[in-house]
Amino acid sequence: MGVYRDIIVADGYTVIPKFFNNEEVYKLQELNYNTEPEKGHHKELGWQAENVYPREQYQHYWSQQCKEETIWIQEKLHPIISDMLLETYKWFAVDFHVANPGSDYIHAHIDSPYQFRPWHDLTDLLAVQCLIAVDEFSFDNGGTAILPGSHKEHYPLTEIGSKKLNDKLVEDGYIFSAPQGSILIYHPRSLHSTIPNFTTRPRTALLMLAVRPDIYQGLLGYHQAPKKKPCMWKKEDSCTRWPICVCKRTKDERTWNSAGQGNIK
Ligand SMILES: O=C(O)CCC(=O)C(=O)O
Ligand SMILES: [Fe+2]
């Protein structure tokens with residue numbers, strides 16, 4: 001009991017190569033094929049949170065949620081996640097993140113719940129993020145970079161996605177390069193990012209966030225922030241980060257989101 005938990009608490013992440021067999025990987029690929037984009041950076045139009053376009057038109061995108069379609073994965077992960085979160089947890093979000101060929105997106109960030117202010121300074125393990133390699137992951141195709149030990153650091157929200165942190169992550173980070181069906185499980189406080197995809201094929205991750213039940217409702221409020229209105233600072237200083245504007249000047253704290261959604265380079 002607590003073996004996996006100890007690893008995540010000490011190291012911040014762990015990799016399980018080929019956790020899913022070929023048949024299961026095929027099921028994952030099929031689900032990806034049948035799951036539409038929800039939001040992402042369109043190659044020509046920039047960040048798109050409302051309109052949906054054919055998947056190949058995005059630099060990278062997040063898909064619709066697919067919690068119900070992934071019960072079989074949740075069951076397979078259960079022994080590990082229940083060990084990490086001390087038995088009780090809830091799946092908060094399940095979606096694909098696809099980096100298309102030519103994507104140069106890098107955004108060093110931390111994940112929910114720590115990306116939002118109420119949880120930002122806490123280091124307790126409140127959630128775990130699973131990133132499943134639906135395709136083979138490599139240095140060339142955008143395999144995720146993660147900075148060892150960073151779950152114990154405190155990065156100001158204003159520095160998230162900055163050149164300084166992006167460079168540090170690329171220079172010192174571990175690159176999750178692994179065969180399809182492998183899984184990277186990490187402390188969501190770890191600094192990480194997709195890296196550019198230099199290949200001719202999309203690179204697909206299935207992201208699954210499990211959270212402690214006591215933070216579920218509170219976190220939901222932050223994820224249900226209104227999507228449509230432009231960043232209130234857009235006029236003043238051309239902030240292009242809506243809906244995630246991480247700047248400390250945001251009046252409505254609910255718009256804080258460091259995951260790089262809306263961050264148009
Ligand atoms: O797809 C990846 O490599 C990471 C995605 C990610 O970090 C996120 O969506 O928060
Ligand atoms: Fe992330």
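**Entry 1: the overall count**

I counted the secondary structure first: the chain comes to seven helices and 11 strands. Here helices (H or I, at least four residues) and strands (E, at least two) are DSSP runs, numbered from the N terminus. This is a predicted model, so I kept its limits in mind: local features need pLDDT of at least 70, side-chain atom pairs count only at pLDDT 80 or more, and totals for chains, interfaces and linings use all residues. Residues are numbered from 1 along each chain as its sequence is written, and chains are lettered from A and ligands numbered from 1 in the order in which they are written.

Next I looked up burial. Buried residues make up 45% of the 265 residues in the chain. A residue is buried if 20 or more other C-beta atoms lie within 10 Å of its own, exposed if 12 or fewer, and partly exposed in between, with C-beta atoms placed from the backbone.

I also checked contacts. Two residues are in contact if their C-beta atoms, placed from the backbone, lie within 7 Å. Among contacts between residues at least 6 apart in sequence, 79% join residues at least 24 apart.

**Entry 2: the eight-stranded sheet**

In what order do the eight strands of the open sheet stand? I read off β1-β9-β6-β11-β5-β4-β2-β3, with antiparallel pairing. Strands β1 (13-16) and β3 (46-48) stand at the edges with a single partner strand each, so one side of each has no neighbour in the sheet. The twist averages 20° from one strand to the next. Axes are lines fitted to C-alpha atoms, for helices over the stretch in contact, and angles run from 0 to 180 degrees between N-to-C directions.

I noted two reminders on pairing. Strands of a sheet pair through backbone hydrogen bonds, either parallel or antiparallel. Two strands count as paired if DSSP finds at least two bridges between them.

**Entry 3: walking across the sheet**

I began with β6 (residues 127-133) and β9 (residues 183-186). Four bridges join them, and they run antiparallel. Cysteine 130 stands opposite isoleucine 185 in β9. Helix α1 (residues 3-11) packs on the sheet and touches β1, β6 and β9. The direction of α1 makes about 130° with that of β1. Helix α6 (residues 213-223) also packs on the sheet, touching β5 and β11 (203-211). The direction of α6 makes about 55° with that of β5.

Then I moved to β11. Seven bridges join β6 to β11, again antiparallel. Cysteine 130 turns up here too, opposite methionine 208 in β11. Strands β5 and β11 pair in the antiparallel sense over nine bridges. Lysine 90 stands opposite valine 211. Why do I call β11 largely enclosed by the rest of the structure? Because eight of its nine residues are buried.

Strand β4 (residues 58-63) came next. Five of its six residues are buried, so I wrote it down as mostly covered. Three bridges join β4 to β5 (residues 90-99), which run antiparallel. Tryptophan 62 stands opposite histidine 97 in β5. Strand β2 (residues 37-42) pairs with β4 over five bridges, also antiparallel. Glycine 40 has tyrosine 61 of β4 as its bridge partner.

**Entry 4: the core**

Which residues touch the most other members of the largest nonpolar core? Among its 59 residues, they are Ile81, Val128, Cys130, Ile132, Ile185, Ala210 and Val211. A nonpolar core is a set of buried Ala, Val, Leu, Ile, Met, Phe, Trp, Tyr and Cys residues joined through C-beta atoms within 7 Å.

I picked out two of these. Leaving aside neighbours within four places in sequence, valine 128 is in contact with Ile8, Ile81, Met84, Leu85, Ile185 and Ala210. Alanine 210 lies in β11. Alanine 210 is buried because 24 other C-beta atoms lie within 10 Å. Not counting residues up to four places away, alanine 210 touches Ile81, Leu85, Tyr89, Trp91, Phe92, Ala127 and Val128. The C-alpha atoms of alanine 210 and isoleucine 81 are separated by 7.6 Å, though these residues are 129 apart along the chain.

**Entry 5: proline 118**

Buried, exposed or partly exposed? Proline 118 is partly exposed, with 15 other C-beta atoms within 10 Å. This proline sits in helix α4 (residues 117-120). The C-alpha atoms of proline 118 and glycine 218, 100 residues apart along the chain, are separated by 9.3 Å.

**Entry 6: the three-stranded sheet**

Last, I looked up the open sheet of three strands, in the order β8-β7-β10 with antiparallel pairing. Strands β8 (174-175) and β10 (192-193) are at the edges, each with a single partner strand, so one side of each lacks a neighbour in the sheet. Strand β7 (residues 145-146) pairs with β10 over two bridges. Isoleucine 146 stands opposite histidine 192 in β10.
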